[in-house]
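Visitor: I would like a close look at a single part of this model, taken slowly and with the terms spelled out.

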Amino acid sequence: MFRGGQKVLIIACEDDPRAIGKTGRILDEVPPGPLTNGRWTVHRISIWIAPVLCHAHELKPLD
């Protein structure tokens with residue numbers, strides 16, 4: 001389970017493969033629901049990469 005503001009490493013990303021290997025922060029304050037198909041919103045990845053949606057198994061917590 002992730003929490004809002006938590007720093008994560010993106011180990012895979014169906015939404016945008018350019019995000020793989022980069023770090024970002026979880027945007028969601030509550031667990032994701034059916035609107036995002038259970039995917040977490042990760043932002044602050046890069047100036048060139050918009051926020052992405054990732055499944056929990058595609059993310060590794062860093063803090």
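Visitor: Does Trp 40 count as buried or exposed, and at what relative accessibility?

Guide: Trp 40 counts as buried, at 4% relative accessibility, where buried means under 20% relative accessible area, exposed over 50%, and partly exposed in between, with a 1.4 Å probe and protein chains only. The model is a predicted one, in which local features need pLDDT of at least 70 and side-chain atom pairs count only at pLDDT 80 or more, while totals for chains, interfaces and linings use all residues. Residues are numbered from 1 along each chain as its sequence is written, and side-chain values use heavy atoms, with hydrogens and water left out.

A search of the whole structure finds one aromatic pair, a term for rings of Phe, Tyr and Trp (its six-membered ring) whose centres lie within 6.5 Å, with planes under 30 degrees apart counted as stacked, over 60 as edge-to-face and the rest as tilted. The partners are Phe 2 and Trp 40, and because their ring centres are 5.5 Å apart and their planes stand at 80 degrees, the pair is edge-to-face. Phe 2 lies in the segment before strand 1 (7–10) and Trp 40 in strand 3, so the pair ties together parts that are 38 residues apart in sequence; strands here are DSSP runs (E, at least two residues), numbered from the N terminus. Phe 2, at 12% relative accessibility, also counts as buried.

Definitions and conventions: Helices (H or I, at least four residues) and strands (E, at least two) are DSSP runs, numbered from the N terminus.
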